[in-house]
Amino acid sequence: MELLADPDPQVRAAATERKQPGVPPEWRERCLADAAVRVNVARYVPLTSEQFAQLIRSEEEEVHQAVAGNPHLSAEMVARLLDIADPLVRVAAAQSRHVDAETRDRLYALVEAERADGSIEAEVALNWNFAEPEWLREAPLNERMTYLDCQYTTFRRVLASCHDLPEEAWRRLDNDPELAVRRAAARRPTTPPEVLEGLVRAHGDVFHIRPLLVEHPNFPRHMLRTFVDEPSPNVRYLALQDPELPVPDLQQLAAAAESFLRRGVARHPNITDALLEHLLSDPDPQVVDDAAANPALRPTQMYRMLTAAGL
């Protein structure tokens, strides 16, 4: 707890950024009064009615937004948030377990109207806001299932992150219109191989966002080399996840216009001397750097490179 009392406000802020290990109850009042950490702490510590009221009286938008995302708010606290016009606060309140469907629809409609009028804040609240209704994961199954047809993507995405849903729910989530929902559903341990393969072929693992779906235990890894002929370069890149990718396929990828494909080939363990030599003369220095880092690089090639660089 020494970090919470550190004289440097940046140290105190860093110490409270994450909810684990959190702030001990006896430190909460002090932290909520500390401008350096108030926003961090207001996001996750249980608040008393008095603490909540004091934070809401603040004129700082960031404080209001932090409080609105606090998962420990009571129904009375959430009700008081409904009068704050900030789009981020409205979306956070709409995601609360304490609002009914009519209130949720009204809040989202207000933010949608603001976005239609050109509000950047509303755009961020709807499409760049990473807050989620995490409480839904802990709700009884019958309650969670009522959100299977929810019109708001974030609720379906959270639902898809559960692992105990019935088969019919998985069938629908695997075919959800939103990619974020389909990806969340595909991370369950029992995802069928054909679902994983189809999702990767369609979207190329979304520009290689981790965890890669091709790394899923159920992914049909024998299909990786067939990605070489896919039209999307992002899908073709994933063929390089096969450590035994045949040399003709590596040559095909090395001839691609996209440098990130050539860089992937330059790092591949199955590369030949001739192909490595070819990539060492690539006009893109990043490709050359990756080729030079390949363990297959022979001492003579390394010597020639260092000599050319005057080293």
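Reply: Start with burial. A residue is buried under 20% relative accessible area, exposed over 50%, and partly exposed in between (1.4 Å probe, protein chains only). This is a predicted model, where local features need pLDDT of at least 70, side-chain atom pairs count only at pLDDT 80 or more, and totals for chains, interfaces and linings use all residues. Residues are numbered from 1 along each chain as its sequence is written, and side-chain values use heavy atoms, with hydrogens and water left out.

Me: Is Ile 84 buried or exposed?

Reply: Ile 84 is buried, because its relative accessible area is 15%. Ile 84 sits in the loop between helix 6 (75–81) and helix 7. Helices here are DSSP runs (H or I, at least four residues; strands are E, at least two), numbered from the N terminus.

Me: What is Ile 84 in contact with, beyond its neighbours within four places in sequence?

Reply: Contact means heavy atoms within 4.5 Å. Ile 84 is in contact with Ile 56, His 64, Val 89 and Arg 90, leaving aside neighbours within four places in sequence. Ile 56 is 28 residues from Ile 84 along the chain, and their C-alpha atoms are separated by 9.3 Å.

Me: Which loop holds Ser 96?

Reply: Ser 96 is in the loop between helix 7 (87–94) and helix 8 (101–116). Ser 96 counts as buried, because its relative accessibility is 11%. Not counting residues up to four places away in sequence, Ser 96 touches Val 78, Arg 104 and Trp 135.

Me: How should I read a peptide bond's geometry?

Reply: Most peptide bonds are trans. Here, a cis bond joins Gln 20 and Pro 21, with omega about 5 degrees. Pro 21 lies in the loop between helix 1 and helix 2.

Me: Where does Pro 24 lie?

Reply: Pro 24 is in the loop between helix 1 (9–15) and helix 2 (25–32). At 18% relative accessibility, Pro 24 counts as buried.

Me: How do I read a helix pair?

Reply: Take the axes. They are lines fitted to C-alpha atoms, for helices over the stretch in contact, and angles run from 0 to 180 degrees between N-to-C directions. Angles under 35 degrees count as roughly parallel, over 145 as roughly antiparallel, 65 to 115 as roughly perpendicular, and the rest as oblique. The axes of helix 7 and helix 9 (residues 120–127) come within 8 Å and cross at roughly 25 degrees. Helix 7 is therefore roughly parallel to helix 9.

Me: Which residues make the contact of helix 7 and helix 9?

Reply: Helix 7 gives Pro 87, Leu 88 and Val 91, and helix 9 gives Glu 121, Ala 122, Ala 125 and Leu 126. Sort them by class: Ala, Val, Leu, Ile, Met, Phe, Trp, Tyr, Cys and Pro count as nonpolar, Asp, Glu, Lys and Arg as charged, and the others, Gly among them, as polar. The contact of helix 7 with helix 9 has six nonpolar, no polar and one charged.

Me: At what angle do helix 11 and helix 13 pack?

Reply: Helix 11 (residues 153–160) and helix 13 (residues 179–186) pack at about 10 degrees, with axes 8 Å apart. They are therefore roughly parallel. Thr 153, Arg 156, Arg 157 and Ala 160 of helix 11 meet Ala 180, Val 181, Ala 184 and Ala 185 of helix 13. By class, that contact has five nonpolar, one polar and two charged residues.

Me: How many residues of helix 13 are buried?

Reply: Six of the eight are buried, so helix 13 is largely enclosed by the rest of the structure. They are Val 181, Arg 182, Arg 183, Ala 184, Ala 185 and Ala 186.

Me: How do I read a nonpolar core?

Reply: A nonpolar core is a set of buried Ala, Val, Leu, Ile, Met, Phe, Trp, Tyr and Cys residues joined through side-chain atoms within 4.5 Å. The largest one has 33 residues, and those with the most contacts inside it are Val 214, Phe 227, Val 265 and Leu 279. Helix 14 (193–208), helix 15 (233–238), helix 16 (247–254), helix 17, helix 18 (273–280) and helix 19 each supply at least two residues of this core. Helix 18 has the largest share, four residues.

Me: Which other core lies apart from it?

Reply: Another core, of 27 residues, includes Val 41, Leu 47, Phe 52 and Ala 66.
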